[in-house]
Every structure is written in C-alpha cells, then in structure tokens.
Amino acid sequence: MITNPLIHWTRGRVPELLSLMFAALATLVPTAQSAQVDVSFTPPSNYQQWFNFLRSFDRRLYVSGGPPEIPFSRLNDDGSLDSAWELKSPVTHAVSEFIPGPSGGFLLRTMGAAYWEQSTGTFAKLPGVNIGFGNTVFLLRDGSVILKDFDFFIRLNPEGREDLNYRANTRMQTLLSTNPNGSGAKFSSATADSKGRLIVVGNFDTVGGVERLGLVRLLADGRPDPTWNPGPTLGISPTNFSAGRPYSVSLGTNDEVLVGIEYHSTNGVVDRRMAFVSEQGIVGRVFADYSDVNSLRFVQPDGRVIVVGNSFREWNGVPVECLVRLEPDGTLDSSFRVDFDPPGSQISGAVLDDEGRLYISGGFQSINGVKRPRLARLIAYVPKPAAPQIELQHAKPRIGTNEILYLTARVTGSPTPELQWYRNGQPLPGETYPGLRRPITNATDVGEFRLVASNSEGNQELSFGQVDLGVRSPRPGLSWTQFSGPLGDLGQVTQILPLLDGRILCSLNAPKLGDTYPLIACFTADGRLDLTFGSNGVIQGAGLVELLQSSTTGTILVAGYFESWAGAPASGLVELSTSGQRLSRAFPRLDPPSVTAVLELPDGRWLIAGRFSQVNSAPAFRLARLKADLSWDSSFDASSIFLPYQMVNTLARDPQGRVLAGGAEFNSEGSLTNPIPLGLVRLLENGTADPAFQRSQNAVYSIRIDPDSTLVTGFPFRRSSSDGELLKAFPADLSSFSFGTTDHRSARLPDGRWIHPIRSRANSGERLMRWRPDGSFDELFEDRFSTNRTPTHITAIAALPDGSALVGIVGSGVTSIERLLPDSAQQLSTSSVIGTEFQAGLFTQPDRSYVIRHRASLNGTPEPPSPILRGDGYLTPFSAPLHAAEGYWEVLSEPRGESVADEGTRR
C-alpha cells in the first residue's frame with residue numbers, strides 16, 4: 001500500500017514517470033529476520049560508553065566522543081585496542097569530527113577549530129569553521145582541504161594556501177521564504193565524490209550567482225556544475241522553498257548521490273523522501289523516508305540503503321529500532337533487523353566500511369541476543385571477490401626542495417588490498433596507504449614512484465612516472481630584495497607616482513614639525529632618497545596632498561587641501577617640475593581650497609573636482625571646468641548632480657572623449673528615467689548627467705578604462721560596459737576599508753590584472769590580492785602581508801611597466817615602500833650559447849603557456865617560434881638553434897587555452 005503523503009507528493013511534484021515507477025516497486029513487507037552480529041569483533045571491556053564519531057580506515061576503527069580517558073583511539077580488526085598508536089594532536093578532549101586522509105594523516109575538527117595532520121606527525125591549525133549540521137570538513141585525494149565557513153566553502157591546497165576563487169564561487173544565497181524547520185541555516189549536508197566534486201544541500205537558491213535550488217554540485221574550482229541541476233525535477237520550488245527542502249546527501253555507487261528531501265503538504269503534513277540522482281543529474285529511484293532528518297544513510301554497492309538514526313521507531317507502520325535497511329525500491333529489507341536490549345536504545349554513531357561491515361555505537365547492551373555493550377559490528381553485506389584495481393588520481397612530474405610531494409590513487413578490490421609504495425624499485429617503509437605524502441629535501445628523495453596492490457584475487461601496480469627535482473619559480477608578489485625604501489620619520493605614503501625616468505614620487509602623511517612638515521618625497525629607482533629633488537629629496541609644506549599626477553606636458557600636478565605651497569600662496573593645486581620646483585601656472589582661487597581630482601582635456605581645458613563651492617568667487621559646486629587660460633567656464637554647471645555631503649573622488653575620459661566622474665553617492669534630480677545613481681555618472685558637455693549611461697549603484701573611488709573600452713571601478717571592483725551596464729562584479733568576500741578620498745591603493749598591471757588590498761576576517765591586518773581581468777582571484781600572487789605577526793596596513797600602490805608594483809606599508813610602527821616582483825614568467829635564467837645553440841632556463845607559472853622566438857634586431861621580423869612550453873611553476877630548460885652571431889630572444893606567454901601573444905623581450 002502507498003500512504004496518502006506519497007500520493008499527494010507524486011501528483012504534485014514529480015514527473016508522472018517517477019510516480020508510476022515508485023508505485024510499481026511498492027511491495028508488502030515480508031516476515032522480519034535478524035541482522036548478523038560480527039562476533040569476531042570484541043571491543044575492550046572499558047569501552048562501554050557512547051561514541052559519537054566513528055571512522056573505519058585500513059581495516060581499523062577510530063573512535064571519538066567517549067569518556068575523557070578515551071578522547072581518541074584506534075581499534076584493531078578484532079576490536080582490541082591498538083595501544084602502540086597515539087594521535088599527536090593538540091586536542092586533549094573528544095573531537096567533534098575527524099577524517100582519515102589518503103596518506104594516513106587525519107583532519108580533526110573541534111567545536112572551536114580544525115587541525116590538519118602534517119607529514120611530520122604534527123598538526124597545523126586551519127581557519128575556523130562554522131559549526132552546523134552535517135559534515136563541515138572534507139579532505140580530498142589530492143591533499144587539499146575543504147572547510148565550511150559561514151555561507152561559503154574554503155579550499156586549501158596541500159601547502160595550506162587558500163584558493164579565494166573557490167570561496168567566491170561557492171557563495172550561497174538564502175531564499176527569503178522560511179524553510180520547514182524555521183532555521184536560517186544555509187547549509188545542511190555535503191559529500192565529496194570520487195572526482196573531488198562537492199555535492200551540497202541546504203536552503204539556498206543561488207550558489208556563486210548561479211541558480212541552484214537547494215542542491216548543487218561544485219566543480220574543482222567551486223563553480224556550480226552547469227550540467228547537474230536536479231532540483232527542479234525533485235519538486236523544489238523557487239517561489240515556495242518550504243514546499244520541498246533537501247536535508248541530507250550521501251554518496252552512492254558510480255558517483256550517484258542519495259538526497260533526502262522534506263515536503264510539506266497544504267495541510268502541514270510533513271512528507272520525507274529519498275531520491276537517487278545519477279552522476280549525470282538524472283533523478284532515478286524515489287521512495288519514502290520514515291526516519292528523522294539527522295539520520296545517517298549509507299548506500300551499499302547493490303543499491304540497498306542503510307538508515308541509522310536515534311529517534312524513529314517505526315518504518316511505514318512496522319516497528320523498528322532506529323536501524324533499518326531498504327531494498328533498492330525503498331521497501332523495508334526484512335532480512336536485516338536488529339533488536340536492542342534494552343529496547344528503544346538510541347544509536348550515537350555509525351559507519352559502514354568498504355567490506356560491508358557496519359559499526360554502531362549507542363545505549364544498547366546486546367544486539368539480537370549477542371552481548372555487545374555500547375559498540376558492535378554488524379555484517380551488512382559480503383563484497384564479491386575482485387582483484388585490485390588502481391586508478392591514478394593525482395601525480396606530479398616535478399617538485400622543489402622543502403616542498404611536500406603528494407601522489408594519490410583510488411584503489412578498489414575485495415578483500416581489501418594490501419598496499420606498498422616503491423621508489424626506484426625499493427619499498428618505502430610504512431607507506432601502505434592509497435596516498436603518498438613525503439617531504440622533499442634533496443635529489444635522493446625523488447625518482448620513479450609506483451604503487452603495488454595485492455589481495456587473494458591478484459595483484460596490480462601503477463607507475464606514477466619519474467618525479468624530478470625542480471627549481472621553483474618565484475611567486476609574483478614577493479619583495480625585490482635590491483629595493484630598499486624605509487621612510488624613517490618622513491611619515492607614511494598616501495600615493496605613489498612612478499616617473500618616466502624611473503624615479504618614484506610619493507605624497508606623505510607626516511607628523512607636523514613646527515609650521516611645516518614633509519608633503520612630498522622623491523626616491524631613486526632602487527629606493528634611495530633622491531637628494532636632487534626639492535630640498536634634499538623632500539618638499540615641506542602645510543596641508544594635505546590628495547593627488548599626484550603627471551600632466552600632459554610631463555610636469556607634476558599636486559592637488560589637495562592647502563592654501564600655501566613652500567611659503568607661497570596656493571589654492572589646492574600647484575604644478576612642479578620634475579626636480580621639484582614650483583612652476584608659475586596661475587590656477588584659480590578655490591573656496592575652500594580643496595582639489596581631489598584633475599582631468600586635462602584635449603582642447604586645453606581642465607576639469608577639477610574637490611570640496612569647493614566657489615571658483616574665483618563664482619558659484620561652482622564640487623566640480624568645475626576651466627578654460628585654457630584657467631579662467632572659470634560658466635557654461636559648465638554640474639551642481640544639480642550633488643548634495644551637500646557628496647563629492648567627486650576621481651575623473652576619467654572614455655575613448656569617445658566623454659567625461660566620467662566617480663565618487664560617493666551622487667544624486668541627480670530632473671526628468672531622468674534612470675534609477676537614482678550612486679557613485680558613477682557620465683557627464684554631458686554642459687555638466688549634467690548623461691541619461692544614456694546606466695549609473696553605478698556603488699560608491700566609486702577609482703576608474704580605469706581598459707583597451708576594450710570597458711570600465712573597471714573600485715572598490716570593490718566592478719567591470720561595466722562603456723555605457724555603464726554591469727558586466728562583472730569581482731569577488732569581494734573579504735571586507736575592505738571605506739575611503740573618504742580617492743583610492744590610491746589599486747593598480748592595473750600592464751597585462752590587465754589588478755592588485756588591491758582587502759581586509760581579512762582572520763586578523764585586523766590586510767592581505768594584498770591580485771585579480772585577473774575576468775574578475776577571478778590570481779592564486780599565484782603571493783600575499784606575504786597577511787602572514788606578518790603584526791597587522792600591516794597598505795597605504796598606497798602603483799604599477800610599473802615591467803609588471804612589478806610599489807607598495808607603501810605601515811606595520812610595527814615602521815613605514816616603508818616595497819617593490820614586489822612581477823611574474824617570473826617573463827624571465828630567462830642561466831642563458832648561454834654553446835656552439836650554434838642558445839640554451840637557457842625559463843621560469844614558468846602553472847597557468848600559462850610560452851613560446852620563445854628569435855629576432856635579428858629589435859624591429860626585425862621574428863623567426864618561427866619554439867614549440868609551446870606548458871608552465872608548471874618551475875624553471876624549465878629551453879634550447880634553440882642560432883642563425884646569427886647576435887640577436888634578441890622574445891618570450892611570449894598567455895593563459896592556457898588562449899593564443900600566445902607578445903608579453904616581453906629579453907636579449
């Protein structure tokens with residue numbers, strides 16, 4: 001018989017095919033029989049406690065959650081205590097979750113932290129996780145770790161570096177409607193499949209900006225799998241999420257998943273279902289679930305499902321003891337029944353191993369008449385004998401010194417195969433896991449690696465190939481040691497302006513020394529104070545410098561809030577020579593004397609923005625246009641755009657010559673049909689807002705225009721079309737500072753990438769990030785600032801033509817400028833000519849492809865390029881024939897999958 005909730009559900013929420021299929025599979029429950037208790041498993045007598053967490057690995061059982069004297073222990077296959085084994089963990093109490101790694105280490109989670117066992121046996125503390133329902137930590141076979149944190153997931157690579165793209169791509173957004181339990185949780189349960197994809201259920205409707213109704217499969221980079229979206233087929237509604245809410249997910253065979261869904265009928269009756277979803281996202285078997293939402297569900301290879309809970313006591317009217325097994329069609333398996341003594345005992349933990357043995361812990365003293373206080377092992381199924389099969393999952397051809405080598409495979413077979421790793425034909429003692437994790441200190445640690453699996457049905461081995469010792473390419477973002485820029489008592493840098501001759505000009509925020517204090521300093525290309533500039537490298541003054549800018553004639557424009565400059569009257573704007581001497585251009589008088597942005601127009605006119613309300617005693621609010629003779633242009637009036645508290649932070653011209661103004665909360669009155677804009681407007685010739693421009697709804701502190709005419713504004717970064725239509729919002733999952741002035745802490749590199757500091761939740765300091773042009777984080781960029789013991793504040797950034805960057809920092813009471821290395825992809829190393837062949841090493845990065853070609857002269861036609869080199873993050877040998885006595889070698893690189901274009905020339 002089929003109960004009324006099933007009829008209601010099949011008629012209203014699933015395709016007719018599923019309804020008919022389920023009706024055909026419904027059967028009567030036959031007479032019950034008993035499950036077999038494995039009497040060969042006898043736990044120690046003092047283990048008569050409830051264990052909340054069980055894990056089976058390598059034919060051993062790991063238990064946690066018992067009494068204080070048993071915080072974490074390992075039992076042998078016969079149940080005896082492995083007294084020679086001890087977890088070298090900082091956790092002195094029972095852990096709340098633990099996962100065995102492929103190479104024998106563990107990932108632990110307590111109520112306050114997560115710890116990852118290293119190859120040395122010590123534990124490293126990982127970022128905090130948000131404690132919630134279901135699993136919150138995952139250890140993948142490539143050695144990476146996934147942690148649940150708030151409404152997104154964090155992925156750490158084997159070296160512990162966070163992939164911020166994964167964080168951004170997994171951002172879960174919650175529906176406004178209330179779910180059936182009234183909980184605000186956005187995450188309920190998750191599981192990882194054999195390919196490292198994470199399947200997540202919860203009360204979300206979008207993930208990473210992609211619509212996914214309560215159920216999503218995340219790819220290796222965290223993006224929702226575009227080919228896998230079974231939520232609508234399962235009857236999960238975007239308009240009434242409470243009508244269908246996924247609450248659990250378990251991994252089945254062939255990467256299918258078993259999803260638990262809770263439905264509410266119109267009369268408030270709860271109807272729970274379990275549904276199998278294939279790897280292709282096709283909904284298959286669907287049947288009733290009479291357990292509680294927090295039950296554990298294990299899928300056997302034959303398609304039967306074991307359900308273990310702590311509160312349900314009947315299944316479709318049949319009395320049970322919160323442990324059942326279902327046939328593939330969802331009917332109760334009468335051959336698998338348990339009777340507890342005392343009756344009604346709860347189960348606190350359970351795990352099913354690969355050999356079909358079910359471990360359970362709880363309040364029972366006996367199971368089916370067999371005395372097993374608190375901890376027992378049941379025989380769920382007996383696997384069919386099979387010879388070992390090894391599937392490669394992660395390999396690496398090169399590794400650097402002081403790095404850790406990870407090699408992993410997936411091994412199947414029955415009985416469970418014995419494993420042994422070999423290097424250069426010799427067995428590695430103690431390496432008997434599917435994964436190999438070894439620190440590399442010298443050339444003797446590498447070689448040819450292979451894994452051998454053996455059981456009574458046969459043997460198989462898999463070669464991982466030759467692993468060579470490589471020279472790691474320096475990560476971009478590290479400091480250039482030849483550059484030294486301590487500021488001493490000059491104060492902190494507020495803006496950096498690289499000059500064409502290689503010198504560096506900086507505006508300063510310095511303590512007052514009498515009536516004046518340092519406003520500007522000039523440094524040489526290697527970071528030393530340029531004593532030929534101003535007065536011994538410094539210009540003293542009184543006021544605030546807010547803008548340094550090169551003019552179209554090569555002079556230096558200095559803007560800010562000041563009434564005098566070097567002892568002479570000034571009104572927020574002065575012009576200097578490259579030696580620091582003030583020039584005689586007569587800028588107008590501003591009231592108040594404040595300039596925040598300057599834009600020179602091609603016809604000799606100027607736009608100036610600031611806090612002023614008058615120009616030469618004429619009313620001009622916040623933004624004014626000057627004629628070529630610097631007199632006020634009364635035909636330009638932008639006063640209608642601003643309210644009293646608003647101001648312009650930055651000005652720019654697009655390729656069509658139209659003026660863009662960015663700032664905080666612009667307001668435009670009149671007959672415009674666009675929404676009230678915030679942050680960015682395009683101006684018409686008379687100073688009013690252009691109604692054809694879709695104005696930004698974010699405050700804007702910087703504007704850059706890319707060669708394709710798209711606009712990049714910050715911060716946070718947003719890419720828009722030339723008419724203001726939002727194209728891409730760069731991820732900004734970490735908070736940033738709020739600015740009251742123009743943001744001089746973002747810079748566009750020559751290759752189109754961006755760098756900007758953002759504040760981390762982990763500490764009060766900042767981390768320096770680099771974005772690709774498509775808005776994704778560039779994980780190759782080394783952020784060394786957030787790892788400082790003392791929080792570091794980044795005050796200014798400027799990009800240099802070679803791809804390096806200058807960064808002003810404040811930390812530990814010290815102010816300085818550092819020069820960061822560019823991508824090492826453009827550098828040749830150890831070049832030489834041997835006979836008629838040019839030989840060198842090319843530093844590569846793992847996301848790029850390279851060719852090297854020869855030119856007889858700088859302006860000559862390049863010869864056919866060398867074969868494409870695939871970057872892997874290490875120094876790659878390169879050789880090419882020479883056709884002339886001298887010439888130039890050109891390195892070209894592009895992200896993989898794109899055509900290789902010019903990036904740089906090296907001799």
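Colleague: What is the strand order in the open sheet with β9, β10 and β11?
Modeller: The three strands of this open sheet follow the order β9-β10-β11 with antiparallel pairing, where strands are DSSP runs (E, at least two residues; helices are H or I, at least four) numbered from the N terminus, and two strands pair if DSSP finds at least two bridges between them. This is a predicted model, in which local features need pLDDT of at least 70, side-chain atom pairs count only at pLDDT 80 or more, and totals for chains, interfaces and linings use all residues. Residues are numbered from 1 along each chain as its sequence is written, and side-chain values use heavy atoms, with hydrogens and water left out.
Colleague: Which strands are at the edge there?
Modeller: Those are β9 (137-139) and β11 (152-156), each of which pairs on one side only. From one strand to the next the twist averages 20°, with axes being lines fitted to C-alpha atoms (for helices over the stretch in contact) and angles running from 0 to 180 degrees between N-to-C directions.
Colleague: How many bridges join β10 to β11?
Modeller: Five bridges link β10 (residues 145-149) with β11, and the two run antiparallel; Asp-149 is opposite Phe-152 in β11.
Colleague: Switching topic, what is the order in the open sheet with β52, β53 and β56?
Modeller: That open sheet of three strands has the order β52-β53-β56, with antiparallel pairing. β52 (597-600) and β56 (623-626) are at the edges with a single partner strand each, so one side of each has no neighbour in the sheet. The twist here averages 15° from one strand to the next.
Colleague: And which residue does Leu-599 stand opposite?
Modeller: Leu-599 faces Leu-607 in β53, and β52 pairs with β53 (residues 606-609) in the antiparallel sense over four bridges.
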